[in-house]
Amino acid sequence: MSLASLLDRAEAAFTNAGIETPRVDAELLAAWMLGISRGELQSGLITDSIAFDEAQTLQFETLAARRAEREPLQHLTGVAHFRNITLQVGKGVFVPRPETEWVTGLAIDAVKACANPEPIVFDLCAGSGAIGLAIATEIPNAQVIGVEKSADAFGYTSRNYAKLAPTNGRAILADVADTPNDLDGKVDVVISNPPYIPAQMVPIYPEVALHDPGLALYGGEDGLDVVRVVADVAARLLHPGGTLIIEHADMQGEAVRHLLLDKGWTQVRTHQDFNSRDRSVSAVRSH
Ligand SMILES: C[S@@+](CC[C@H](N)C(=O)[O-])C[C@H]1O[C@@H](n2cnc3c(N)ncnc32)[C@H](O)[C@@H]1O
């Protein structure tokens with residue numbers, strides 16, 4: 001069967017399975033197998049200059065069947081693209097999301113505005129290391145430390161840190177609450193994308209509900225259990241005037257603002273994402 005027909009068949013199967021971007025997923029899977037970009041795949045199809053051999057056809061059909069069962073595309077390919085970096089991901093680690101790329105941009109702006117020529121940044125709840133490693137690679141003079149509690153996730157955190165930030169990044173396996181205190185009062189920016197889904201709100205997408213680890217998703221009854229700990233730990237890490245940025249769910253903007261104001265944070269501001277939804281908060285450690 002031609003590659004074009006295989007793609008059409010996968011697209012139809014993905015559509016039936018309720019996948020929202022069936023053509024994109026089929027093309028990304030085929031492009032990954034061929035070691036080319038999606039754009040290169042599309043032009044190769046137009047010029048009829050690419051094809052699968054028999055083994056590749058079988059492999060594509062096997063992987064497409066798994067995707068139709070709603071296994072995340074990134075688990076099949078083992079990689080996730082995030083801003084300018086490519087991370088290793090798979091079972092046991094949270095797949096980084098596009099909205100977090102945008103929240104990371106807020107942290108990057110804050111780090112670039114630091115007076116410290118070698119700004120110190122903590123990424124609490126690091127997962128694959130996506131946020132901290134984007135910062136470490138986009139701002140090479142920053143020192144970035146990622147903290148992750150899950151031993152399964154930490155395998156990815158530490159491998160990604162070793163590969164992408166071997167000189168200016170460090171990954172620590174710890175509960176946020178036990179973040180080492182050697183840099184207390186010296187940190188310029190703390191960013192976190194913690195688990196924030198309320199315990200009773202199971203996500204509708206099977207990719208999330210069945211394949212993202214529960215520890216990465218759920219944050220207690222109101223979703224804010226880990227946010228509270230992050231706020232307390234950030235207050236001890238940051239120097240006065242240092243910046244905290246936290247991603248949260250769209251309905252949590254007001255609750256998170258109040259939580260931070262009650263804890264004495266200043267300049268507490270909610271930021272909306274590209275869909276005009278409350279998505280993150282920034283705050284400054286008081287003097
Ligand atoms: C929503 S995921 C975010 C991962 C990554 N920062 C990203 O944006 O892709 C939350 C992460 O926090 C970790 N985590 C949950 N509770 C934690 C805690 N108490 N201390 C440290 N990490 C925690 C989870 O294992 C998971 O990797």
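**Helix packing, domains and ligand shell**

Q: In passing α4, does α1 make a left-handed or a right-handed crossing?
A: This is a predicted model, in which local features need pLDDT of at least 70 and side-chain atom pairs count only at pLDDT 80 or more, while totals for chains, interfaces and linings use all residues. Residues are numbered from 1 along each chain as its sequence is written. A crossing counts as left-handed if the near helix is turned anticlockwise from the far one by less than a right angle, and as right-handed if clockwise. On that criterion, the way α1 passes α4 is right-handed.

Q: How are α1 and α4 oriented to each other, and why?
A: The axes (lines fitted to C-alpha atoms, for helices over the stretch in contact, with angles from 0 to 180 degrees between N-to-C directions) of α1, residues 3-16, and α4, residues 54-68, lie 9 Å apart at an angle of about 15°. Because angles under 35 degrees count as roughly parallel, over 145 as roughly antiparallel, 65 to 115 as roughly perpendicular and the rest as oblique, α1 and α4 are roughly parallel.

Q: How are α1 and α2 oriented to each other?
A: Helix α2, residues 22-34, packs on α1 with the axes 8 Å apart and at an angle of about 135°. The crossing is right-handed, and the angle therefore makes the two helices oblique.

Q: How many charged residues are there in the contact of α1 with α2?
A: On the α1 side the contact includes Leu 3, Glu 11 and Thr 15, and on the α2 side Arg 23, Asp 25 and Glu 27 are among the residues. By class (Ala, Val, Leu, Ile, Met, Phe, Trp, Tyr, Cys and Pro nonpolar; Asp, Glu, Lys and Arg charged; the others, Gly among them, polar), this contact has seven nonpolar residues, one polar, and, as charged residues, four.

Q: How far apart are the C-alpha centres of domain 1 and domain 2?
A: An automatic or database domain assignment divides the protein into domain 1 (3-69) and domain 2 (80-284). The separation of their C-alpha centres is 33 Å.

Q: Which residues come nearest the ligand?
A: The shell of 22 residues around the ligand (C-beta atom, placed from the backbone, within 6 Å) divides into 14 nonpolar, five polar and three charged. Those that come nearest are Cys 125, Gly 127, Lys 149, Asn 193 and Ala 216.

Q: Which helices and strand each supply at least two residues of the shell around the ligand?
A: Helices (H or I, at least four residues) and strands (E, at least two) are DSSP runs, numbered from the N terminus. Those that each supply at least two shell residues are α7 (130-138), β4 (143-148) and α10 (214-217).

Definitions and conventions
Contact = placed C-beta atoms within 7 Å.
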